Amino acid sequence: MTSQEIWVYAEKHVGIIQPVTYQLITKANEIAGDKKVVVILFESEDQKLEEAIKEYGPDEIIVVKDNRLENAMDSEIASLMAELAERRQPNSILFGATVVGRSIAPRLQAKLNTGLTSDCLDLSFDSDLLVQTKPSYGDNIMCEIISPNHRPQMASVRPNTFEAKKSSSKTVEVTEINDLTFKEAARVKIIEETPLISKSDSIANADRVIALGRGSIDDKELALAEELARKLGAKIGVTRPLTDHPRFSGEDQIGQSGNTIAPKILINLGIHGAVQYTTGIENAELVISVNKDSEAPIFNYSDFSYVGNSADFLKEFLKVIQ
Amino acid sequence: MSLKIVVCIKQVPVSNNLKIDPVTKNLVRSGEAGVMNPYDKNAIEAALRLKEEWGGEITLLSMGPPDFEMTLRQGLAMGCDDAVLLSSRQFGGADTLATGYVLAQAIKELGNVDLVLFGRQSVDADTSQVGPIVSEFLDWPQITFVSELHSHTKNSMTATRLLENMQQKIEFQLPAVVTVRSEMNEPRYPTPRNIQQSYKKTIRIWDENSLPVDADRIGLKGSPTVVRSVWAPEKEAKATTFLKGSADEAVRELLIQLRATNLL
Ligand SMILES: Cc1cc2nc3c(=O)[nH]c(=O)nc-3n(C[C@H](O)[C@H](O)[C@H](O)COP(=O)(O)OP(=O)(O)OC[C@H]3O[C@@H](n4cnc5c(N)ncnc54)[C@H](O)[C@@H]3O)c2cc1C
Ligand SMILES: Nc1ncnc2c1ncn2[C@@H]1O[C@H](COP(=O)(O)O)[C@@H](O)[C@H]1O
């Protein structure tokens, strides 16, 4: 018998729980019905990350403490998770579709011989069945995916797809488990971890973003955009073609194969509005777009639109907010 | 001794106007022109550089319909030595688990492989699952989303793995699985000589009889996931306000609106 537990893998980087974990707990609480939401947390002995997680109101937090978990490899986490899953037989297991989530989850999937859907944009339950909505080819197509005959049902969810909400309505049970076998990964070890003054992280979490497309990338215009970004405290993101520009990389890319962003204000300059781009901006609150083509599809995703030259618009914007 | 490298590559449709089979709900791939998954080119480039450094042999491996040969040919033209296409009706309808299983069995069959390279993800399915699944089935270390790879000796390497907000340096020994980001390198173009040579090479086609595979773990049967429905999302256009006039008039109008909502 599988239990009625929905598991959320708690992802942490250098001692900080990643926002996607809280987003997943909130979503799991929303869809759980009478299922239990259980967070799985691996931490070193002196950490107390469960305290932060409690605020989001899961039913239970399973804590595994071991100093070797500070720099654990994917396969080590996957085998601990597999052992736990074999004991408790959860109904489903959720990960963030981050680099770590996308690396551990499939390894665990293979161990448990079950289904995994990556990069979901929505989740719901149809009685016991986890219905996973996943975009595919260029986000042009959406699929509903299920694993009818396998448990646990596994999914990873794109960061910033769901909103995290604190919740104090439940008492959170904390269970420490310390009899799992730590299968040390042979022949591989992390020798250094450096936090990045990360571009990708900052556009994903930035409140203000200026996005540049192929229509707005000469050096002069880039300088204007950078100045405006400084003045507004905004981060600069780009469409995929601009990742070839020496100033940018894949980490700065917005869209289906880049970052999903959720700023309060987004200014699109010289961006056509291909679906692969616009899926990345669906969670932006207020969208302003400038394009010289009055038919550009980007206007369909915008609150304010200006048909004209983006460099002129930038110059005027800078003048006005002096 | 030199390195034996396998690079797993996949063919993806060129356009996003794809068709969906109404019965199997899978993408209809045949008939549609295909190209090599862009990240897989970075994986091939990484393999070629390691071979230049240490000597060895690069085998391309792909599972898919017969027209995937085209992509394998392209990889050979970049300078790889050999190619195997895993192709059979029995393999059809595979999800990532069944794909990973067959690829892993083929890698075992090739034997004495030191390093298996993957692209970070395919641009059609976009899952990034296949590399880690294969790695688990081989019971090898995996280093995913790698942006830099340096080899110190023939079988010890350091990789830089890029996460969202940190970077890890990882030391590892072969055999191992590495999945490659586009930041790692600039894939080379095939030279005329290599293109010519590639047509002299035969692509081996393997099916379920060429490999020890469990019939329950391949194709549709070996795939836990089922596509329940597929649709093209319709996006409702936002009600947009066009800012009129010259750029300075437009900006002034915009700022009035933004300030009214306390956004600036
Ligand atoms: C599988 C797949 C995944 C993809 N993933 C992504 C992704 O994650 N992110 C992404 O962005 N793309 C992605 N793409 C590419 C995407 O389809 C588009 O090609 C890309 O978004 C176009 O970028 P663009 O709008 O900057 O360029 P273009 O399409 O070239 O548009 C430039 C625009 O600028 C306007 N313009 C030109 N000059 C000016 C001016 N002086 N002032 C104002 N406007 C001007 C033009 O009218 C035009 O609309 C993906 C494609 C595929 C196939
Ligand atoms: N059918 C396949 N044959 C060979 N390699 C594949 C296949 N599907 C995926 N891969 C490899 O796995 C990587 C990740 O693919 P995916 O898990 O589909 O995102 C790709 O970049 C390829 O290197």
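Helix α6(A) passes α8(A) in a left-handed crossing, that is, with the near helix turned anticlockwise from the far one by less than a right angle. The model is predicted; local features require pLDDT of at least 70 and side-chain atom pairs pLDDT 80 or more, whereas totals for chains, interfaces and linings use all residues. Residues are numbered from 1 along each chain as its sequence is written, chains are lettered from A and ligands numbered from 1 in the order in which they are written, and side-chain values use heavy atoms, without hydrogens and water.

Helices (H or I, at least four residues) and strands (E, at least two) are DSSP runs numbered from the N terminus. Helix α6 (residues 219-232) and helix α8 (residues 310-320), both of chain A, pack at about 35 degrees with their axes 10 Å apart; axes are lines fitted to C-alpha atoms, for helices over the stretch in contact, and angles run from 0 to 180 degrees between N-to-C directions. Among the residues of α6(A) in contact (heavy atoms within 4.5 Å) with α8(A) are A:L224, A:A225 and A:L228, and the α8(A) side includes A:L314, A:F317 and A:L318.

An open sheet of ten strands has the order β13(A)-β9(B)-β8(B)-β7(B)-β10(B)-β6(B)-β1(B)-β4(B)-β5(B)-β11(B), with mixed pairing; two strands pair if DSSP finds at least two bridges between them. Neighbouring strands are turned by 30 degrees against each other on average, direction ignored. Strand β13(A) runs antiparallel to β9 (residues 166-173) of chain B, and seven bridges join them; A:P195 stands opposite B:M166. Helix α2 (residues 69-78) of chain B packs on the sheet, touching β4 (56-63), β5 (82-86) and β11 of chain B, and its direction makes about 165 degrees with that of β5(B).

Seven aromatic pairs were found over all chains, where rings of Phe, Tyr and Trp (its six-membered ring) pair if their centres lie within 6.5 Å, and planes under 30 degrees apart count as stacked, over 60 as edge-to-face and the rest as tilted. The rings of A:F299 and B:F242 have centres 5.4 Å apart and planes at 70 degrees, and the pair is therefore edge-to-face. A:F299 lies in the loop between β17 (286-291) and β18 (304-307) of chain A, and B:F242 in strand β13 (residues 241-242) of chain B. A:F299 is buried at 3% relative accessibility, whereas B:F242 is partly exposed at 35% (buried under 20% relative accessible area, exposed over 50%, partly exposed in between; 1.4 Å probe, protein chains only).
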